[in-house]
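Please read the following report beside the sequence and the model.

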Amino acid sequence: MTAAEPVLEIVDLVMHFGPVRAVDGVSLTVARGEVTALVGESGSGKSTVGRCIVRLLDPTSGTIRLSGTDISRLSRRAMRPHRRAVSIVFQDPGGSLDPRMLVGEVVGEPPRLQGVSPRDRRIRVAEGLTRVGLRPEVASRYPHELSGGQRQRVSIARALMSEPGLLVADEPTSALDVSVQASVLNLLADLQRDLGFACLFITHDLSAVEYLADTIAVMYLGQIVEHGTRERVFARPAHPYTQSLLAAAPVADPGRQRARTRVLLGNDLPAAIDPPSGCRFQTRCPLAVDRCASEVPALRDFGGHTVACHLVADDGTPPDVRAAVREDQDRPSDALTSDAPSSPGRTS
Ligand SMILES: Nc1ncnc2c1ncn2[C@@H]1O[C@H](COP(=O)(O)OP(=O)(O)OP(=O)(O)O)[C@@H](O)[C@H]1O
Ligand code: SF4
Ligand SMILES: [Mg+2]
């Protein structure tokens, strides 16, 4: 393992559930200590990528390297020494914590599996709980006695017990009350900064992305269509899908909000069982041309910013979905423009 080696390197990952092509050729690299946000609407395959990384799923094909080791085909037993390298936090802390286990047992399980003595375990559990803002006494409670936010703190404490190089956080705040979402998000940001683990942060919340992420990977129907630094993707989104997501996201400044041209994604996400030919976004893309239905756009690299769209010029100049939509705005029947509020592509 060298310092420059990425903590996570996924190459051409495929995960099919029978005919459902949930993940269909994803390549993604996360550097040591980096936070990569994985965004995209419901059903695009984000959680499936996350679950393959922690090997809750056995990938159909492709390679997943954790600090250089290919873990994509390891048996359960051979996977064991690598379990510590990566942890996952789920959306629903209630469902992911065993209700029959005391909090202390939940958080103490990773060190127990490492053979740490009960006495040292108690110390480590107390430290782990304190680190996530909980009192050590919480160890003797059951998860159901805690609030949703506290339970998610317990999940985070548990996930960090093995000092993983990578944390997969799958919508870690979206099941929580809005009032506690920010505090859990702040906690994750603080822990990430202090402990320096890398994070694959799966989310619908673009304001959280802006706050937390170093890079953004955008998924559409089982594939990554754009990946770049947060600054670059927010300032100059290149893929028409990314442009549509960002245009639909709420912004803090009401003036800016009014001035924006809304680009609503017309119909629903097509079924992963039968994705459109050529570019998978062609059935909803305001800019689609004939070529888009016949030719799969390659993921091209423009100085560390990768995009898969035929209309991105060779020098990286992106097409402009909003300009195209504005030109159409006189046509009253145009389904792609509206002032109606919308969430970023959420379909469920
Ligand atoms: N175990 C499974 N069996 C069959 N199909 C599945 C399974 N898990 C996921 N899928 C399908 O794979 C596709 C991708 O699902 P996934 O949960 O990865 O999406 P997601 O991007 O995480 O969505 P969300 O934002 O709603 O969490 C969907 O069409 C889903 O129905
Ligand atoms: S390749 Fe065509 S359909 Fe796909 S995003 Fe680009 S313009 Fe739209
Ligand atoms: Mg999901």
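Which element gives the largest share of the shell around ligand 1? That share, 3 residues, comes from H1, where helices (H or I, at least four residues) and strands (E, at least two) are DSSP runs numbered from the N terminus. This is a predicted model, in which local features need pLDDT of at least 70 and side-chain atom pairs count only at pLDDT 80 or more, while totals for chains, interfaces and linings use all residues. Residues are numbered from 1 along each chain as its sequence is written, and chains are lettered from A and ligands numbered from 1 in the order in which they are written.

The protein has 13 helices and 12 strands. Of its 348 residues, 42% count as buried, a residue being buried if 20 or more other C-beta atoms lie within 10 Å of its own, exposed if 12 or fewer, and partly exposed in between, with C-beta atoms placed from the backbone. Among contacts between residues at least 6 apart in sequence, 65% join residues at least 24 apart; two residues are in contact if their C-beta atoms, placed from the backbone, lie within 7 Å.

**The two ligands**

A residue is near a molecule if its C-beta atom, placed from the backbone, lies within 6 Å of it. Of the 13 residues around ligand 1, Phe 17, Ala 22, Ser 42, Ser 47 and Thr 48 come nearest, and the elements that give two or more residues to this shell are strand S2 (20–30) and H1. Around ligand 2 there are also 13 residues, of which Cys 279, Gln 282, Cys 285, Cys 292 and Cys 309 come nearest. The table sets out the shells by class, with Ala, Val, Leu, Ile, Met, Phe, Trp, Tyr, Cys and Pro counted as nonpolar, Asp, Glu, Lys and Arg as charged, and the others, Gly among them, as polar.

| Shell | Nonpolar | Polar | Charged |
|---|---|---|---|
| Ligand 1 | 4 residues | 8 residues | 1 residue |
| Ligand 2 | 10 residues | 3 residues | no residues |

**The two sheets**

Two strands pair if DSSP finds at least two bridges between them. An open sheet of 4 strands has the order S2-S1-S4-S5 with antiparallel pairing, and its edge strands, S2 and strand S5 (69–70), each pair on one side only. H1 packs on this sheet, touching S1, S2 and strand S4 (61–66), and its direction makes about 115 degrees with that of S1; axes are lines fitted to C-alpha atoms, for helices over the stretch in contact, and angles run from 0 to 180 degrees between N-to-C directions. Strand S1 (residues 8–17) is joined to S2 by 8 bridges, and Leu 8 stands opposite Val 30 in S2.

Strands S3 (residues 35–39) and S9 (residues 215–220) run parallel and are joined by 4 bridges.

**Helix H6**

Because 10 of its 13 residues are buried, H6 is largely enclosed by the rest of the structure. The buried residues, including Arg 151, Val 154, Ile 156 and Leu 160, pack against S6, H3, H4, H5, S7 and H7.
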